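Here is a short tour of one protein chain, written to be read with the model open beside you.

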Amino acid sequence: MDKALKTMIDNIPEKTGKSLSEWKAILKEKSFTKHSEGVKYLKTEHNVTHGFANTIVTLSKDENTPSEDLIENQYKGKENLIPIYKELITYIKSLGDDVTITPKKGSVSIIRKRQFVLIKPATKTRIDLGFKLKDKPTTERLEDSGPFGTMCTHRVKMSELKEIDSELKKWIKEAYEKSI
């Protein structure tokens, strides 16, 4: 298990007032169909911070669905994008051992203390990379967040491995550094 995720799980009782298993039981009773519904419920009804709510809901999902299956399902019919995804993950992991990679049904959240990057296979030929880069001006390449809404401030559309260049890595590192 990722060290940062283990630390977060260990801190759940102290920071939220309940253990992970207690939260899982509460969410099981509610049986939310969408990830965001569970997160919203924990935030509004139990005053759980977004990071912990997101982690609790993610870990409460069917534990028989390994992360690899979630990734595999995201890239079904989009296998040509897998090398881009893998290269992004390799670079992101090199930033520090405090990075948590959280696959979901349609995207992968990259979290330090809070989410700083979101990787989403947007079409059969494109990955959208969402960033949290508050107060950073947009450019032709570093666009407004678009469909990511408030989850991200910016996005970069990627179709080729060569687009993981020094400029993109600089933005990823900047988002990482700001997510403390």
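## Two loop residues with positive phi

Asp 135 sits in the loop that links strand 4 (126-131) to strand 5 (143-144); strands here are DSSP runs of E with at least two residues, helices are runs of H or I with at least four, and both are numbered from the N terminus. Its phi is near 65 degrees, a positive value in a residue other than glycine. Asp 135 counts as exposed because its relative accessibility is 75%; the classes are buried under 20% relative accessible area, exposed over 50% and partly exposed in between, with a 1.4 Å probe and protein chains only.

With 68% relative accessibility, Asn 47 is classed as exposed.

A word on the model itself: it is predicted, so local features need pLDDT of at least 70 and side-chain atom pairs count only at pLDDT 80 or more, while totals for chains, interfaces and linings use all residues. Residues are numbered from 1 along each chain as its sequence is written, and side-chain values use heavy atoms, leaving out hydrogens and water.

## The chain as a whole

The protein chain holds 7 helices and 6 strands. Read from the N terminus, the order is α-α-α-α-α-α-β-β-β-β-β-β-α.

What radius of gyration does the protein chain have? The value is 16 Å, which agrees with the figure near 16 Å for a compact globule of 180 residues; the radius is taken over C-alpha atoms, and the globule rule is 2.2 Å times the number of residues to the power 0.38. The C-alpha trace spans about 45 × 35 × 30 Å along its principal axes. Of the 180 residues, 41% are buried. Among contacts (heavy atoms within 4.5 Å) between residues at least 6 apart in sequence, 53% join residues at least 24 apart.

## Helix 4 and its partners

Helix 4 (residues 50-60) has these buried residues: Phe 52, Ala 53, Asn 54, Thr 55, Ile 56, Val 57 and Thr 58. They pack against helix 1 (3-16), helix 2 (20-30) and helix 3 (35-46), and also against strand 1 (100-103) and strand 2 (108-111).

Ser 179 lies in the segment after helix 7 (166-178) and is buried, with a relative accessible area of 2%. A polar atom of its side chain is 2.7 Å from the backbone oxygen of Tyr 176. Beyond residues up to four places away in sequence, Ser 179 touches Arg 112, Lys 113, Arg 114 and Phe 116.

Now look from the other side. Arg 114, in the loop between strand 2 and strand 3 (115-123), is partly exposed at 44% relative accessibility. Leaving aside neighbours within four places, Arg 114 is in contact with Lys 178, Ser 179 and Ile 180. The side chain of Arg 114 reaches the backbone oxygen of Lys 178 at 3.0 Å.

## A buried histidine

Beyond its neighbours within four places in sequence, its contacts include Leu 129, Phe 131, Pro 137, Leu 142 and Asp 144.

Notes: Polar contact = N/O pair within 3.5 Å; in protein donor to acceptor, adjacent residues only side chain to side chain.
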